[in-house]
Amino acid sequence: AEPYRVWLGPWSAAARPGGVGSGHEAAAGVRLRATDGPVAVDVTVRAVKPPALHGQEGWSRKGPEPGNASYYYSFTRLAATGVVTTAAGVWPVDGGVWMDHEWSTSALADGRQGWDWLSLQLDDGRDIMAFQIRDAAGAAAPESSGSLVDDTGSVRSFGASDFDLVPTGSWRSPRTGARYPSGWRLQLPGEDIDLRLKPLTADQELATGFRYWEGAVTVDGTSGGRMIKGRGYVELTGYAAAPAP
């Protein structure tokens, strides 16, 4: 849309005036504003890389049946500047942002119980998206896949047989009783990448109408035999029972 603007009450994402293009590719950037009591964000993001299309040119399979898929792209690197307000004060901030957009008309296939999804920004300029859909026994389903985005924005897709995502620990929620993986080892043998992911804090569970774990992680490991670090985000679904009606 021209001009690009999405809002929900006082929360909004809108292209800044004076830029060329629309949406997150607008040259002047997109301003994100939201408030909740004493907490507020007012941050402008600008695309560092072009959008990454996951799967087959943006078509990402999620199950064996026809149509059991989504359309999915990410801006894996957005530069951010602005301010964050808390009860303790107003803080100038700058950093990097990952923006995901995925949409679908289907749910998980029968026999699939949830997924482990991650997005990683490595300090060599590369980014990784990977998801592991779990079957009823907890094993990785064949439609699990991911993308490796290089420092120029070029995307290489990989399938379920090309990576291993193994939990290295667990954490039990004191609110819901759900037990989640906590810490992971991610290996992409074809890329000679071996990473360890560690939650910034164990308790990042969202106990809302849909209960799941979603939070920030640190990354360290090796790539091509060299040490590498990064930061990321992990989402875990299907580990907690639905709340009682």
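Arg-5 sits over the face of Trp-7, 4.2 Å from the ring centre. Arg-134 does likewise with Tyr-239, at 3.8 Å from the ring centre. The model is predicted. Its aromatic pairs come to 8.

**Charges over rings**
- The ring of Trp-7 has Arg-5 over its face, with 4.2 Å to the ring centre.
- The ring of Tyr-239 has Arg-134 over its face, with 3.8 Å to the ring centre.

**The Tyr-73 and Trp-103 pair**
- A pair of aromatic rings is described by the distance of the centres and the angle of the planes.
- The total is 8 aromatic pairs.
- Tyr-73 and Trp-103 make an edge-to-face pair, with 6.3 Å from centre to centre and 80° between the planes.
- Tyr-73 belongs to strand β7 (residues 69-86) and Trp-103 to strand β8 (residues 89-103), so their pairing ties together parts 30 residues apart in sequence.
- Tyr-73 is partly exposed, at 21% relative accessibility.
- Trp-103 is also partly exposed, with a relative accessible area of 42%.

**The Trp-171 and Tyr-180 pair**
- Trp-171 and Tyr-180 have ring centres 6.1 Å apart and planes at 25°, so this pair is stacked.
- Trp-171 is buried, at 14% relative accessibility, because the cut-off for buried is under 20%.
- Tyr-180 is buried as well, with a relative accessible area of 1%.

**A ring cluster**
- Tyr-71, Tyr-73, Phe-75 and Trp-103 are linked into a cluster by ring pairs.
- Within that cluster, Tyr-73 and Trp-103 form the edge-to-face pair described above.

How values were computed:
Residues numbered from 1 in each chain as written. Predicted model: local features only at pLDDT ≥ 70, side-chain atom pairs only at ≥ 80, totals over all residues. Heavy atoms only, no water. Phe/Tyr/Trp six-rings, centres within 6.5 Å; stacked < 30°, edge-to-face > 60°. Helix = DSSP H or I, 4+ residues; strand = E, 2+ residues; numbered from the N terminus. Buried < 20%, exposed > 50% of the residue type's maximum accessible area, 1.4 Å probe, protein only. Lys NZ or Arg CZ within 6 Å of the ring centre and 35° of its normal.
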